[in-house]
Amino acid sequence: MIHDAPYLTISDRVILRDFLGRFGIDAGDGVGALIPKVAAAFSHVPYENLTKIIKADALVNPQSAMRLPDEVIGDYLRWGTGGTCFSLTAAITAVYDALGVPAYPILADRHYGADTHSGVIIQHNAELYIIDPGYLLFTPVPLAGGASTFIDTGTNTLELKPLAGGDRVELYTIRGRDRKLRLTYKITPVDAMRLARVWEASFAWEMMTYPVLTKRAGGAQRYFQGSKFMVYTLNGSSKKVVDGDDKAKVIAASFGIDPNIIRKALEIVG
């Protein structure tokens, strides 16, 4: 392990037990079985910034508003909430750590800035695997070799393309003939202090002024941003504008989040 910070650990053993029990994960399973099981469990945890908006509004600085693993997992069990990329990365890393699975966070660059996303590297049998709960990549992808790996998500295809030297990996989304570069992972482990700095910086991003949620379930990816609600399937996509009281209803029905959480966040962003 490369870390020794609350950002990347889980201390409440009851929360951990209940989370593992929810998805039938036995802590005694071997590492090879635990890696995909934990990743699959997190596929049920939505990407959402509602809880981040609420906590940032209630507290005086980003550091105190960071939702650490105990809170993210506990709130999922209670309210069906999740988190954004940094809190989800910290949470899944903490679960792997608690189960004795070597894992560490990494950062990624997007077109609008460096270190604006995060993912997780898992080590097993001298191999490295990558997952990314913030980008709905829940299939552990091996990084050995220089060729691209293609993952069929059921709604699109993700391509992970190692760059020369293997210290960076590009993530593309493919839907039909449309292939787009989304981000570039830096495979070098990020220490807890640097992770905390970029996590804190994210509280100043524009996305803190409107709701953003996504989740893949039932053969569809649901995506809500601002007032736009989109559903993607292999056969196409649909989009509609949702305003007023309908926002909370659509989010609750589509993402399984407690309506009180949704209404509180929507009141804050207006």
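**Note on a predicted model**

1. The side chain of Lys186 makes a polar contact with the side chain of Asp109 (2.9 Å). A polar contact here is a pair of N or O atoms within 3.5 Å; within protein, one must be able to donate a hydrogen and the other to accept it, and residues adjacent in sequence count only if both atoms are side-chain atoms.

2. This is a predicted model, in which local features need pLDDT of at least 70 and side-chain atom pairs count only at pLDDT 80 or more, while totals for chains, interfaces and linings use all residues. Residues are numbered from 1 along each chain as its sequence is written, and side-chain values use heavy atoms, with hydrogens and water left out.

3. Lys186 belongs to strand 9 (residues 178–186). Helices (H or I, at least four residues) and strands (E, at least two) are DSSP runs, numbered from the N terminus. With a relative accessible area of 16%, Lys186 is buried; buried means under 20% relative accessible area, exposed over 50%, and partly exposed in between (1.4 Å probe, protein chains only). Not counting residues up to four places away in sequence, Lys186 touches Ile106, Leu107, Asp109, Asp115, Asp167, Arg168 and Arg194. Contact means heavy atoms within 4.5 Å.

4. Thr184 also lies in strand 9 and counts as buried, at 13% relative accessibility. Leaving aside neighbours within four places in sequence, the contacts of Thr184 include Leu107, Ala108, Asp109 and Arg168.

5. Eight strands form an open sheet in the order 5-4-3-2-9-8-7-6, with antiparallel pairing. Strand 5 (137–142) and strand 6 (149–152) stand at the edges with a single partner strand each, so one side of each has no neighbour in the sheet. On average, neighbouring strands of this sheet are turned by 30° against each other, direction ignored. Axes are lines fitted to C-alpha atoms, for helices over the stretch in contact, and angles run from 0 to 180 degrees between N-to-C directions.

6. Within the sheet, strand 8 (residues 168–175) pairs with strand 9 in the antiparallel sense over eight bridges. Two strands pair if DSSP finds at least two bridges between them. Leu171 stands opposite Leu183 in strand 9.

7. Helix 2 (residues 31–42) lies across strand 3 (113–124), strand 4 (127–132) and strand 5, and runs at about 150° to strand 5. Helix 6 (residues 85–98) packs on the sheet and touches strand 2 (103–110), strand 3 and strand 4; the direction of helix 6 makes about 15° with that of strand 3.

8. Which residues touch the most other members of the largest nonpolar core? They are Phe42 and Tyr96, in a core of 52 residues. A nonpolar core is a set of buried Ala, Val, Leu, Ile, Met, Phe, Trp, Tyr and Cys residues joined through side-chain atoms within 4.5 Å. Helix 6 gives the largest share of this core, nine residues. Apart from it lies another core of 16 residues, including Ile106 and Leu183.

9. Helix 5 (69–79) and helix 6 pack at an angle of about 95°, with their axes 8 Å apart. Helix 5 is therefore roughly perpendicular to helix 6; angles under 35 degrees count as roughly parallel, over 145 as roughly antiparallel, 65 to 115 as roughly perpendicular and the rest as oblique.

10. Strand 10 (residues 212–217) pairs with strand 11 (residues 220–225) in the antiparallel sense over six bridges. Their hairpin has two residues between the strands, and Gly218 takes a positive phi near 60°.
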